[in-house]
Amino acid sequence: MSVKKLLIVIFILLILNGISFACVGKTIYIGHLSGRSDELMANILSRLITERTGTSVKLKKYPDMSAVLKAGQNGEIDIFTLDEKSAFETAGVKSREQAKETYNVKFNLVWLKPVVEKDDFLVPVIRKDTLKKFPALPKLLEKLNGIINNVQLEEIRQDADKRGMKDAIKDFLKKKGLI
Amino acid sequence: MRSLIFLLSIFFPVLVFAQDMNVYEIRTEEVWEGEKLIEGVVAVRKSGKLTIKAGTKVVFLPVDLDRDGIGDGEIYVEGELYILGEKDSPVIFTAKAEKIEPSLWKYLMINHAKYAFINYAIFEGAFSGVQIHFTKADVKNSVFRKNIDGFRFSTANIYVCNCLMTENKHGIRYEERDSRGTIHFNEIKNNEIGIFPVIKSESRVRFEYNNIYDNEYNIKIGDEQKKDIIYSNNYFEFSEEQKIRKKIYDKSKDKNLPSAIIKPFLNKKVKLGEHRCQ
């Protein structure tokens with residue numbers, strides 16, 4: 001079989017494969033650290049995406065930020081959140097703008113609009129490849145901007161301890177009119 | 001040849017994985033009755049025709065080789081499917097489990113098939129009870145319960161009548177795309193979301209004379225849907241529009257979403273029954 005024919009066969013199979021297996025849903029992977037706050041934030045993103053788009057989301061836990069970054073670069077995960085300290089450390093710079101630029105140019109990762117913009121800076125980061133597959137994601141995740149701060153995260157965390165994370169997050173997002 | 005296998009393993013991990021899973025192919029005519037245990041995949045190929053007689057119980061064994069949290073059991077139809085349940089003797093699709101809950105098996109997938117007819121069937125414990133894509137299908141008098149998606153379709157020519165969708169995450173989930181059809185005289189209740197139009201709906205599939213109530217949201221419009229969608233002539237549990245709107249997630253909740261057009265709505269429950277169906 002010539003290379004050309006082989007490529008045509010693969011192309012056709014790829015299309016059929018997409019049709020056949022797309023229907024359990026495309027899956028988005030969110031990476032997070034093991035801390036409770038990080039897990040909570042990842043679950044908030046997950047719930048928002050699933051409820052609003054029907055897309056399946058799975059979470060992956062990592063021991064440190066460099067592992068999260070590596071997973072984001074190699075496509076193991078699609079999205080993660082980043083605080084200011086981690087952004088500076090991983091990018092090796094000292095300003096948000098420089099860090100954002102480094103992530104874009106060097107790591108092929110795009111910063112979305114921060115969830116929290118001031119002192120408790122927290123920004124969702126997404127792979128460029130993922131953006132191509134899910135172009136509406138930034139607009140959706142931007143809805144969290146200004147909705148969450150550390151005080152509210154603590155409240156959700158306490159609620160989650162009592163009722164479980166699933167219910168606590170669902171109620172929070174519902175109260176905010178996001179789902 | 002080695003290169004081909006290598007490339008396939010990169011592009012099609014699912015196919016390679018499928019080697020480890022039972023795949024039973026139907027290429028001619030086959031009739032099921034009694035109890036059928038399924039471990040893995042049943043594929044009704046283009047040349048195949050599967051008829052399932054009244055009273056048949058199709059039981060999916062709990063296998064999750066890829067550990068994605070969704071049972072691997074499925075029936076995949078590319079040929080013809082006739083599910084011939086009767087009122088007192090339905091065909092049941094379920095899982096072998098003490099407690100039936102969503103995602104114990106994957107789905108009955110009808111994709112690019114010749115035709116599908118489903119009458120008096122019960123689908124429970126699946127990721128999607130039934131998914132229909134690129135196919136003409138008639139679905140009547142059936143129950144979809146305890147699934148993630150009770151009934152799901154896109155780009156299909158469908159007729160759905162006198163069915164009950166209950167205790168699912170989504171009673172009916174669809175991406176209309178180029179679908180046509182009618183969904184009427186159904187009861188859609190006690191789901192998280194009654195009807196979930198995900199994307200690309202132009203109201204070519206008519207939803208009317210359905211009872212849609214007691215869902216957390218009776219209708220929830222997907223984040224990427226652009227146009228208003230018509231859901232007139234349905235019963236929504238209340239007789240005041242303001243109350244009905246509280247249980248609809250659309251432009252009234254998020255200004256970036258289009259609206260669900262519900263007027264005129266019905267003030268009384270629709271009387272259902274098989275006699276209502278064409």
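Visitor: B:Asn162 sits in the loop between strand E17 (157-161) and strand E18 (164-166) of chain B. Why is B:Asn162 called buried?

Guide: A residue is buried if 20 or more other C-beta atoms, placed from the backbone, lie within 10 Å of its own, exposed if there are 12 or fewer, and partly exposed in between. B:Asn162 has 20 other C-beta atoms within 10 Å, so it counts as buried. One thing before we go on: this is a predicted model, where local features need pLDDT of at least 70, side-chain atom pairs count only at pLDDT 80 or more, and totals for chains, interfaces and linings use all residues. Residues are numbered from 1 along each chain as its sequence is written, while chains are lettered from A and ligands numbered from 1 in the order in which they are written.

Visitor: And what makes something a strand or a helix here?

Guide: Both are DSSP runs numbered from the N terminus: helices are H or I with at least four residues, strands are E with at least two. Chain B has 3 helices and 28 strands.

Visitor: What is the phi of B:Asn162?

Guide: Near 55 degrees, a positive value in a residue other than glycine. B:Tyr120 has a positive phi too, about 45 degrees, and is not a glycine. Look for B:Tyr120 in the loop between strand E11 (115-119) and strand E12 (121-124) of chain B.

Visitor: Is B:Tyr120 buried or exposed?

Guide: Buried, because B:Tyr120 has 21 C-beta neighbours inside 10 Å.

Visitor: What about B:Lys253, then: why is it called partly exposed?

Guide: B:Lys253 has 17 C-beta neighbours inside 10 Å, so it falls in the in-between class. You'll find B:Lys253 in the loop between strand E27 (248-249) and strand E28 (260-261) of chain B.

Visitor: What makes the peptide bond from B:Lys263 to B:Pro264 worth a look?

Guide: That bond is cis, with omega near -5 degrees. B:Pro264 is in the segment after E28 of chain B.

Visitor: How do you know that chain B is as compact as a globular protein of its length?

Guide: The radius of gyration is taken over C-alpha atoms, and the globule rule is 2.2 Å times the number of residues to the power 0.38. For 278 residues the rule gives 19 Å, and chain B comes out close to that at 19 Å, so it is as compact as a globular protein of that length. Buried residues make up 47% of chain B.

Visitor: Over to chain A. What does its secondary structure come to?

Guide: It has 9 helices and 5 strands, and 35% of its 179 residues count as buried.

Visitor: Take helix H9 (residues 165-175) of chain A. Which of its residues are buried?

Guide: A:Ala168, A:Ile169, A:Phe172 and A:Leu173.

Visitor: Why would residues a few places apart point the same way?

Guide: An α-helix has 3.6 residues a turn, so those three or four places apart do just that.

Visitor: What covers the buried residues of H9(A)?

Guide: The cover includes helix H2 (36-53) and helix H8 (150-163) of chain A.

Visitor: Why are H2(A) and H9(A) called oblique?

Guide: Angles run from 0 to 180 degrees between N-to-C directions, and axes are lines fitted to C-alpha atoms, for helices over the stretch in contact. Under 35 degrees counts as roughly parallel, over 145 as roughly antiparallel, 65 to 115 as roughly perpendicular and the rest as oblique. The axes of H2(A) and H9(A) come within 10 Å and cross at roughly 60 degrees, so the two helices are oblique to each other.

Visitor: And what makes H8(A) and H9(A) oblique?

Guide: They pack at about 135 degrees, with their axes 7 Å apart, and are therefore oblique to each other. Residues touching across this pair include A:Ile156 and A:Ala160 of H8(A), with A:Ala168 and A:Phe172 among those of H9(A); contact means C-beta atoms, placed from the backbone, within 7 Å.

Visitor: What follows H9(A)?

Guide: A:Gly177, with a positive phi near 75 degrees.

Notes. Two residues are in contact if their C-beta atoms, placed from the backbone, lie within 7 Å.
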